[in-house]
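The following account leads the reader through a structure, one region after another. Please keep the sequence and the coordinates in view while reading.

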Amino acid sequence: MDDVFIELDGVEKVFDVRRKTGFLKRERRRVRAVDSISFTVARGEMVGYIGPNGAGKSTTIKMLTGILTPSGGRLRVAGIDPSRERTRLAHRIGVVFGQRTTLWWDLPLIDSYKLMHRMYRIPDARYRENLSRLTELLDLGDLLDVPVRQLSLGQRMRGDIAAALLHDPEVLYLDEPTIGLDVISKTRVRDFLRQLNAERATTVLLTTHDLQDIEQLCSRVMVIDHGRLVYDGALDGLHEAGESERTLVVDLERELPPIEAPPPARVVRVEGARQWLAFPASASASELVSRIAAEYPLVDLSVREPDIEAVIAKMYEDRAGRPVT
Ligand SMILES: Nc1ncnc2c1ncn2[C@@H]1O[C@H](COP(=O)(O)OP(=O)(O)OP(=O)(O)O)[C@@H](O)[C@H]1O
Ligand SMILES: [Mg+2]
């Protein structure tokens with residue numbers, strides 16, 4: 001398929017770690033940070049890449065940029081092998097590492113951009129056009145003359161995102177772009193990314209610990225754990241994969257003994273005339289509701305969706321209990 005933009009086939013990254021365990025004593029350990037991962041991302045997709053600390057997310061992104069060379073497997077971005085042709089690829093990708101800046105710390109923001117203009121050999125007209133568009137969209141107007149070290153975290157992040165996009169990359173990798181940002185800054189960054197993806201069809205791979213980022217931006221999510229891909233699909237499907245439950249909150253006319261619901265639905269809490277029933281997220285609520293309505297004096301009811309964070313936490317838990325094969 002020609003619209004496949006990122007392609008990983010059995011990609012691995014093994015680190016040899018040497019640790020001092022005593023006087024003159026060292027222990028060698030192999031860390032399989034990425035363990036045979038395969039996926040493709042089509043041009044224009046916006047995909048969430050999530051997983052617990054140490055799962056292998058940043059390692060994957062570093063291989064996608066060519067900073068790290070895979071220990072095995074096959075990896076292509078825009079048909080290019082990143083670690084072999086890192087410079088050629090650099091013109092086509094943009095990267096933002098939330099935990100460190102690519103901007104020159106002591107220089108005003110605009111000077112970093114001028115340096116990138118030359119580094120990436122961006123045609124003058126293009127550079128001016130992109131700079132003014134990004135300055136407006138990311139609200140950087142008042143910040144261009146401020147040295148980067150004086151910017152707040154949210155301002156710096158917006159500055160970093162603009163820097164990653166000045167050369168019109170076809171794909172943007174974001175490694176925790178909202179880390180440490182307040183709610184307003186997060187919203188700004190998310191709005192911008194949504195617009196970027198919609199208007200310019202930029203492919204986006206987003207790593208984050210903030211699941212709201214994913215809920216608001218990505219229809220597809222990949223979950224990595226212990227270097228392995230444990231889920232790849234629609235965000236909605238995560239609920240089922242996590243075997244999560246929804247909750248039916250029922251208000252009855254009066255206080256009654258717990259409702260006898262068809263299993264696996266069951267009452268998990270009773271408070272006066274209100275009862276809470278848990279049932280599988282994959283099951284239909286309407287069936288359960290009509291059963292209850294037929295047999296009990298109903299006043300009101302509502303369905304609570306499982307909260308995605310609970311689902312994913314449960315997924316990680318389940319994985320942790322399983323032997324690593
Ligand atoms: N340069 C390195 N040398 C040795 N081990 C490394 C190196 N980089 C990463 N690792 C190890 O590889 C594993 C995956 O790390 P990685 O940074 O990819 O995780 P992550 O999913 O990005 O986690 P986090 O959410 O904390 O950012 C970890 O066990 C980490 O300690
Ligand atoms: Mg990381």
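The crossing of helix 5 and helix 6 is right-handed, a crossing being left-handed if the near helix is turned anticlockwise from the far one by less than a right angle, and right-handed if clockwise. Helices (H or I, at least four residues) and strands (E, at least two) are DSSP runs, numbered from the N terminus. This is a predicted model, in which local features need pLDDT of at least 70 and side-chain atom pairs count only at pLDDT 80 or more, while totals for chains, interfaces and linings use all residues. Residues are numbered from 1 along each chain as its sequence is written, chains are lettered from A and ligands numbered from 1 in the order in which they are written, and side-chain values use heavy atoms, with hydrogens and water left out.

Two packed helices are described by the angle between their axes and the distance between the axes. For helix 5 and helix 6, the axes come within 10 Å and cross at roughly 15°; axes are lines fitted to C-alpha atoms, for helices over the stretch in contact, and angles run from 0 to 180 degrees between N-to-C directions. That angle makes helix 5 roughly parallel to helix 6, where angles under 35 degrees count as roughly parallel, over 145 as roughly antiparallel, 65 to 115 as roughly perpendicular and the rest as oblique. Helix 5 (residues 153-165) also meets helix 3 (residues 109-119), with axes that come within 10 Å and cross at roughly 15°. Helix 3 and helix 5 are therefore roughly parallel to each other, and helix 3 passes helix 5 in a right-handed crossing. In the loop between helix 3 and helix 4 lies R121, a residue other than glycine with a positive phi, near 50°.

A search of the whole structure finds one cavity of 30 Å³ or more. On a 1 Å grid over the protein atoms alone, a cavity is a set of points where a 1.4 Å probe fits but cannot get out, and a pocket is an open set with protein on both sides within 12 Å along at least five of seven lines; lining residues have an atom within 4 Å of a point. The largest cavity has a volume of about 30 Å³, where grid points are joined across faces, edges and corners, and a volume is the space filled by probe spheres set on the points. Its lining consists of R133, L137, F192, Q195, L196, E199 and R200. Helix 4 (124-137) and helix 6 (183-200) are the elements that give two or more residues to this lining, and helix 6 gives the most, with five residues. By class, the lining of the largest cavity has three nonpolar, one polar and three charged residues; Ala, Val, Leu, Ile, Met, Phe, Trp, Tyr, Cys and Pro count as nonpolar, Asp, Glu, Lys and Arg as charged, and the others, Gly among them, as polar.

Helix 2 (86-90), strand 5 (93-97), helix 3 and helix 5 each give two or more residues to the lining, with the largest share, four residues, coming from strand 5. The lining of the largest pocket has eleven nonpolar, six polar and three charged residues.

Attention now turns to the strands. Strand 1 (residues 4-22) and strand 2 (residues 25-42) pair in the antiparallel sense over 14 bridges; two strands pair if DSSP finds at least two bridges between them. L8 stands opposite F39 in strand 2. Two residues lie between the strands of this hairpin, and L24 takes a positive phi near 60°. Strand 1 is also joined to strand 4 (residues 72-77) by five antiparallel bridges, with R74 as the bridge partner of D9.

Five bridges join strand 11 to strand 12 (residues 274-280), and R266 stands opposite A278 in strand 12.

The loop between strand 10 (245-252) and strand 11 contains P264, and the peptide bond from P263 to P264 is cis, with omega near 5°. Both P263 and P264 are among the residues that line the second largest pocket, a space of about 150 Å³. Helix 9 (285-295) and strand 12 each supply at least two residues of that lining.
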